[in-house]
Amino acid sequence: MTETLENRVTVSARAAKRIASILSNEPAGSMLRVSVEGGGCSGLQYKYDVVGDSEDDDFVIENPGATVLIDAISLQYMSGSEIDFVDDLIGQSFQINNPNAVAGCGCGTSFTI
């Protein structure tokens, strides 16, 4: 899928570094798929999977050693987002800064649009 300003999703340097670290322990060619599915305490939630293949309609974000895939349906919910990695007193986690979300849970994994 071609990137436009409307569907742009970015990956922070911290997230790219962490993704590269995770994928370095996986088979060659592995990628991180980020998707949105129903569930969580706010109605929608982010899901992270390590996969070996992409789909034709995937939005692909390339970073050295850290390829991220987002399917076309999930991209509708994530447009304009930044995928970040946070390491603080509460713990380590990927956080998605989504400008489309009007509400979210405290842990940052579920949201409402």
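This is a predicted model: local features need pLDDT of at least 70, side-chain atom pairs count only at pLDDT 80 or more; totals for chains, interfaces and linings use all residues.

Modeller: I shall begin with helix α1, whose buried residues are Ala15, Ala16, Ile19 and Leu23. These residues lie on the same side of α1, because they cover an arc of only 100 degrees around the helix axis. On the other side of α1, the exposed residues are Ala13, Arg14 and Lys17.

The protein contains two helices and nine strands, and their order along the sequence is β-α-β-β-β-β-α-β-β-β-β. Against the buried residues of α1 pack the strands β1 (10-11), β2, β3, β5, β6 and β7.

The largest nonpolar core comprises 22 residues, and Ile70, Met78 and Ile83 have the most contacts inside it. Two or more residues of this core come from each of α1 (13-23), β2 (31-38), β3 (44-51), β4 (59-61), β5 (68-70), α2 (72-78), β6 (82-88) and β7 (91-97). The greatest contribution is that of α1, which gives four residues.

Isoleucine 83 deserves a separate look. When its neighbours within four places in sequence are left aside, isoleucine 83 is in contact with Val9, Thr10, Val11, Ser12, Ala15, Val34, Val68, Met78, Phe94, Gln95 and Ile96. Among these partners is Ala15, one of the buried residues of α1.

Side chains of opposite charge can pair when their charged atoms come close. Arginine 14 and aspartate 84 meet through their side chains in a salt bridge, with an N to O distance of 2.4 Å. This pair joins distant parts of the chain, since arginine 14 belongs to helix α1 and aspartate 84 to strand β6, 70 residues apart. Arginine 14 counts as exposed because its relative accessibility is 52%, which is over the limit of 50%.

A search of the whole structure finds three salt bridges. In another of them, aspartate 58 is paired with arginine 33, and their closest N and O atoms are 2.7 Å apart. This pair also links distant parts of the chain: aspartate 58 sits in the loop between β3 and β4, arginine 33 in strand β2, and 25 residues separate them. Both aspartate 58 and arginine 33 are buried. There is also a salt bridge between lysine 47 and aspartate 49, where the closest N and O atoms are 3.7 Å apart. Lysine 47 counts as partly exposed, because its relative accessibility is 34%. Aspartate 49, at 26%, is likewise partly exposed.

Finally, the protein may be considered as a whole. Of its 113 residues, 37% are buried. Among contacts with a separation of 6 or more, 51% are between residues 24 or more positions apart. The accessible surface comes to about 6400 Å², and carbon and sulfur atoms account for 51% of that surface.

Methods. Residues are numbered from 1 along each chain as its sequence is written. Side-chain values use heavy atoms; hydrogens and water are left out. Buried means under 20% relative accessible area, exposed over 50%, partly exposed in between (1.4 Å probe, protein chains only). Contact means heavy atoms within 4.5 Å. Accessible areas come from the Shrake-Rupley method with a 1.4 Å probe; for residues, only the protein chains shown count as cover. A nonpolar core is a set of buried Ala, Val, Leu, Ile, Met, Phe, Trp, Tyr and Cys residues joined through side-chain atoms within 4.5 Å. The arc is that of the directions from the helix axis to the C-beta atoms. A salt bridge is a side-chain nitrogen of Lys or Arg within 4 Å of a carboxyl oxygen of Asp or Glu.
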